[in-house]
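Please find below a short note on the model under discussion.

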Amino acid sequence: MQLVFFGPPGAGKGTQAQKIVAAFGIPQISTGDILRAAVSSGTELGKKAGPLMAAGKLVPDDLVIGIVEQRVAQPDCDKGFLLDGFPRTIPQAEALAVVLGKLNKPIQHVVSLEVPDEVIHERMKGRGRADDSPATVQHRLDEFRRLTAPLKDYYAAKGLLRTVNGVGSLDEIAALIKSAIQR
Ligand code: AMP
């Protein structure tokens, strides 16, 4: 099963992604986690991505597309995968479709976690990650609205969008996601 998790920063994508991959036995591919690891280990990728991440800006499409292209071709992705935080732009989504088309593993469901702005702001305040300063958080939300939100219409037009209420207990939300992707 090939899944994409979609939603603003702070929507709970990472937490719910962990529950779903555990239930379905597929790997979670988080471009944010891969980029943070590259920053920590000081690779070329990390040197390019680090300052952009710290500012709450998106990393260039070609860099993240390259990461995902390599990752989805690994053997542990044979039975599917869950993409968490990718794609984040229309060009990323288009590149993903090409990559997955070649592998004959199309995206089946795009799960959009719906969380009101006020709730997002409260959650982000409490998170305390290095790229979570108030200015960075604001910038990440702006980037989401400008570049990532249009993906909702893109995937809805393809019949792949599953909207799920992202406010509730972790187990309630996980149950809603499971029913949305098993329909
Ligand atoms: P995340 O953990 O998914 O919120 O990602 C943290 C940061 O990594 C983002 O604010 C971006 O700077 C960068 N990043 C992660 N995924 C992507 C992506 N698909 N496209 C561009 N930048 C990304």
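**Note on the predicted model**

1. Apart from neighbours within four places in sequence, V110 is in contact with V4, F6, Y155, L160, L161 and R162. The model from which these contacts are computed is a predicted one.

2. V110 belongs to strand β4, which covers residues 109–114. The residue has a relative accessible area of 1% and is therefore buried, the cut-off being under 20%. Its C-alpha atom is separated by 5.9 Å from that of F5, although V110 and F5 are 105 residues apart along the chain.

3. The strands form an open sheet of five, in the order β2-β3-β1-β4-β5, with parallel pairing. At the edges stand β2 (28–30) and β5 (161–165); each has a single partner strand, so one side of each lacks a neighbour in the sheet. On average, neighbouring strands are turned by 25° against each other, direction ignored.

4. The parallel pairing of β4 with β5 runs over five bridges. E114 has N165 in β5 as its bridge partner. Helix α2 (residues 31–41) packs on the sheet, where it touches β2 and β3 (81–84), and its direction makes about 60° with that of β2.

5. Helices α1 (residues 13–24) and α9 (residues 170–182) have axes that come within 10 Å and cross at roughly 55°. The two helices are therefore oblique to each other, and their crossing is right-handed.

6. On the α1 side, the contact involves T15, Q16, K19, I20, A23 and F24; these meet L170, D171, I173, A174, I177, K178, I181 and Q182 in α9. The residues of this contact comprise eight nonpolar, three polar and three charged.

Conventions. Residues numbered from 1 in each chain as written. Predicted model: local features only at pLDDT ≥ 70, side-chain atom pairs only at ≥ 80, totals over all residues. Heavy atoms only, no water. Axes fitted to C-alpha atoms, helices over the stretch in contact; angles between N-to-C directions. Helix = DSSP H or I, 4+ residues; strand = E, 2+ residues; numbered from the N terminus. Parallel < 35°, antiparallel > 145°, perpendicular 65-115°, else oblique. Left-handed = near helix turned anticlockwise from the far one by under 90°. Contact = heavy atoms within 4.5 Å. Nonpolar A, V, L, I, M, F, W, Y, C, P; charged D, E, K, R; others polar. Buried < 20%, exposed > 50% of the residue type's maximum accessible area, 1.4 Å probe, protein only. Pairing = 2+ DSSP bridges.
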